[in-house]
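Take a moment to look over the sequence and the fold before reading on. Then follow the tour below with the structure open beside you.

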Amino acid sequence: MSATLATFVPVVVVTVGMLGLLVGSFLNVVVYRVPNGMSVVAPPSACPGCGSGIKAYDNIPVLSWLALRGKCRTCHEPISARYPLVEIGAAVFFAAVGVWWWLASGSSLASSVGLVATVLLLVAYLWLAGVSVALALIDIDTHKLPNVIVLPSYIVGGILLATASILQSDFDALIRAGIGMAVLWLAYFAMAMLYPGGMGFGDVKLAGLLGLYLGYIGWGPLLVGAFAAFFLGGIYAIGLMTARKVGRKSGIPFGPWMLAGAWIGIFAGPELWTSYLALLGVA
């Protein structure tokens, strides 16, 4: 990697981390408004306690919450610590995606076409990161995965990944993405049909989206991501049942574990799959 690119990439990582702060602030709005059927752009944000509009200088990610000491400037109603935590979490998440992108890009950054293609991939996976935060929190709060977030993400992800594939003439990745999307969608659809109480159609639609992104990276990440979702979800459910906080028939939101598993597949899928094959003596 040239000295120029060696300087450029860390700047991108820091920049996407800062972008994550801003996106995290917006995601707080999405998580509150979308389940309530409200627009995410209007009306402007206001205190739910007194209804006073939030000024721009009181809407700076993390810093405003700290300056206000977690209270509304007008009525002193407490502001949940979840707001800055989501902003910080999104910033760290975005930075992690930036680092992953840097490590995965390799020689693709050396050419102008490769650079454009890899930047499109960065945008695609940053989109998934933002969507992941919003969907995980909404599913925890409401046990729902809203179509208004999931379905447009098929279009955004599909266009970005397809364009990157075409620019790099990597049609194998595009085919894998399509197969991954179909396979996970069908697998979750079958489970929803066989066990309606344990799997919702929101999970089915999310599965197809995650299959798209995982399949694009490779077969190993697809399998690791799919398995990790059930592994993590199973451990969580067993823990809750052991603590007698839920019963066997209690509904547990599975979306967050699907998303967590998918990101394990994205970040570490190739290495985990290679290690698994080596353990079996296949590789």
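Predicted model: local features only at pLDDT ≥ 70, side-chain atom pairs only at ≥ 80, totals over all residues.

Begin with helix 3. It has 24 residues. From its first C-alpha to its last it reaches 34 Å, close to the 34 Å expected at 1.5 Å a residue. Several of its residues are buried, among them Pro 84, Glu 87, Phe 94, Val 97, Gly 98 and Trp 101.

Now find Leu 122. This residue lies in helix 4, which covers residues 112-142. Is Leu 122 buried or exposed? It is buried, because its relative accessible area is 6% and the buried class takes anything under 20%. What does Leu 122 touch, leaving out residues up to four places away in sequence? The answer is Val 12, Val 16, Val 97, Gly 98 and Trp 101. Val 97, Gly 98 and Trp 101 are also on the list of buried residues in helix 3. Phe 94 is another buried residue of helix 3.

Next, the cysteines. A disulfide is a covalent bond between the sulfur atoms of two cysteines. How many disulfides does the structure hold? The count is zero. Cys 47 is in no disulfide, and the nearest cysteine sulfur, that of Cys 72, is 3.7 Å away. Cys 72 is in no disulfide either, with the sulfur of Cys 47 as its nearest.

Move on to helix 7, residues 201-217. Its 17 residues reach 25 Å from first C-alpha to last, close to the 24 Å expected. Of those 17 residues, 13 are buried, so helix 7 is largely enclosed by the rest of the structure.

Rolling a probe the size of a water molecule over the atoms shows where empty space is left. The count comes to one cavity of 30 Å³ or more. The largest cavity has a volume of about 50 Å³. Its lining includes Leu 184, Tyr 188, Leu 210, Gly 225 and Met 258. Helix 6, helix 7, helix 8 and helix 9 each give two or more residues to that lining. By class, the lining has nine nonpolar residues, one polar and no charged.

The largest pocket holds about 820 Å³ of space. It is lined by 35 residues, and the closest to its centre are Ser 45, Ala 46, Pro 48, Ile 54 and Tyr 83. Which helix gives the most to this lining? Helix 1 does, with five residues. Helix 2 and helix 3 each supply at least two. The pocket lining has 20 nonpolar, nine polar and six charged residues.

Finish with the backbone. A cis peptide bond joins Ala 42 and Pro 43, with omega about -5 degrees. Pro 43 sits in the loop between helix 1 and helix 2. His 76 is not a glycine, yet has a positive phi of about 65 degrees. Its place is the loop between helix 2 and helix 3. His 76 counts as exposed, at 52% relative accessibility.

How values were computed. Residues numbered from 1 in each chain as written. Heavy atoms only, no water. Helix = DSSP H or I, 4+ residues; strand = E, 2+ residues; numbered from the N terminus. Buried < 20%, exposed > 50% of the residue type's maximum accessible area, 1.4 Å probe, protein only. Contact = heavy atoms within 4.5 Å. Disulfide = S-S within 2.5 Å. Expected span 1.5 Å × (residues − 1). 1 Å grid on protein atoms, 1.4 Å probe; cavity = no way out; pocket = protein on both sides within 12 Å on 5 of 7 lines; lining within 4 Å. Points joined across faces, edges and corners; volume = space filled by probe spheres on them. Nonpolar A, V, L, I, M, F, W, Y, C, P; charged D, E, K, R; others polar.
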